[in-house]
Amino acid sequence: MTRILATVLLLVGSNLFMTVAWYGHLRWFPGNSRSLLALLGVALIAWSIALPEYLLQVPANRLGHQGHGGAFTTPQLKIMQEAITLLVFAAFSILVLKDKFRPNDIAAFILIFIACAVSMSGRSDKALNPPKDAAWKATP
């Protein structure tokens with residue numbers, strides 16, 4: 001498995017956990033949200049679901065980052081993560097929450113995917129094949 005594919009798969013996995021943590025309670029715990037105790041309980045459940053997200057997100061960023069032998073800059077990793085977040089969120093929102101997207105929502109998603117394409121364009125061969133001794137170093 002290439003580092004690029006591993007990075008993408010880990011980001012997808014991390015976003016699955018985070019989306020369920022952030023939005024799953026809307027479907028599975030729909031009760032009264034006026035009680036502070038109820039809100040805290042739901043927040044603790046969401047936090048426990050989100051914890052594995054970090055176990056996937058951090059390795060994804062390290063594997064994918066140029067400074068650690070990956071192919072992506074930090075901005076590219078972030079923009080790719082946001083695009084993946086939107087794909088995972090859209091699927092979850094439609095399939096689980098039964099939401100319908102407005103044309104404005106779809107247009108906004110498309111603009112973010114265009115941003116991802118712009119960020120990924122123009123990568124040099126050096127970015128795709130970093131030197132074997134590439135270790136993250138602060139530039140003077």
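Leaving aside neighbours within four places in sequence, Asn61 is in contact with Leu11 and Leu77 in this predicted model. Asn61 is found in helix α2, and its relative accessibility of 27% places Asn61 in the partly exposed class.

The protein as a whole has 5 helices and 0 strands. Read along the sequence, these elements give the pattern α-α-α-α-α. Of the 140 residues in the protein, 29% are buried. The accessible surface comes to about 9300 Å², and carbon and sulfur atoms account for 71% of that surface. Among contacts between residues at least 6 apart in sequence, 75% join residues at least 24 apart.

Two helix pairs are described here. Two packed helices are described by the angle between their axes and the distance between the axes. Helix α1 comprises residues 3–28 and helix α2 comprises residues 36–64. The angle at which α1 and α2 pack is about 165 degrees, and their axes lie 8 Å apart. Because an angle over 145 degrees counts as roughly antiparallel, α1 is roughly antiparallel to α2. The residues of the contact of α1 with α2 divide into 17 nonpolar, 7 polar and 3 charged. The crossing in which α1 passes α2 is left-handed.

The second pair consists of helix α3, residues 74–95, and helix α4, residues 103–120. The axes of α3 and α4 come within 9 Å and cross at roughly 150 degrees. This angle is likewise over the 145-degree limit, and α3 and α4 are therefore roughly antiparallel to each other. The crossing of α3 and α4 is left-handed. On the α3 side, the contact is made by Pro75, Gln76, Ile79, Met80, Ala83, Leu86, Leu87, Phe89 and Ala90. On the α4 side, the contributing residues are Phe109, Ile112, Phe113, Ala115, Cys116, Ser119 and Met120. By residue class, the contact of α3 with α4 comprises 14 nonpolar and 2 polar residues, and no charged residues.

Ser119, one of the α4 residues in this contact, has a relative accessibility of 18%. Buried means under 20% relative accessible area, so Ser119 counts as buried. Not counting residues up to four places away in sequence, Ser119 touches Pro75, Gln76 and Ile79. Pro75, Gln76 and Ile79 are among the α3 residues listed for the contact with α4.

The loop between α3 and α4 contains Lys98. Phi of Lys98 is near 60 degrees, a positive value in a residue other than glycine. Lys98 has a relative accessibility of 54%. Exposed means over 50%, and Lys98 is therefore classed as exposed.

Terms used. Residues are numbered from 1 along each chain as its sequence is written. This is a predicted model: local features need pLDDT of at least 70, side-chain atom pairs count only at pLDDT 80 or more; totals for chains, interfaces and linings use all residues. Side-chain values use heavy atoms; hydrogens and water are left out. Axes are lines fitted to C-alpha atoms, for helices over the stretch in contact, and angles run from 0 to 180 degrees between N-to-C directions. Helices (H or I, at least four residues) and strands (E, at least two) are DSSP runs, numbered from the N terminus. Angles under 35 degrees count as roughly parallel, over 145 as roughly antiparallel, 65 to 115 as roughly perpendicular and the rest as oblique. A crossing is left-handed if the near helix is turned anticlockwise from the far one by less than a right angle, and right-handed if clockwise. Ala, Val, Leu, Ile, Met, Phe, Trp, Tyr, Cys and Pro count as nonpolar, Asp, Glu, Lys and Arg as charged, and the others, Gly among them, as polar. Buried means under 20% relative accessible area, exposed over 50%, partly exposed in between (1.4 Å probe, protein chains only). Contact means heavy atoms within 4.5 Å. Accessible areas come from the Shrake-Rupley method with a 1.4 Å probe; for residues, only the protein chains shown count as cover.
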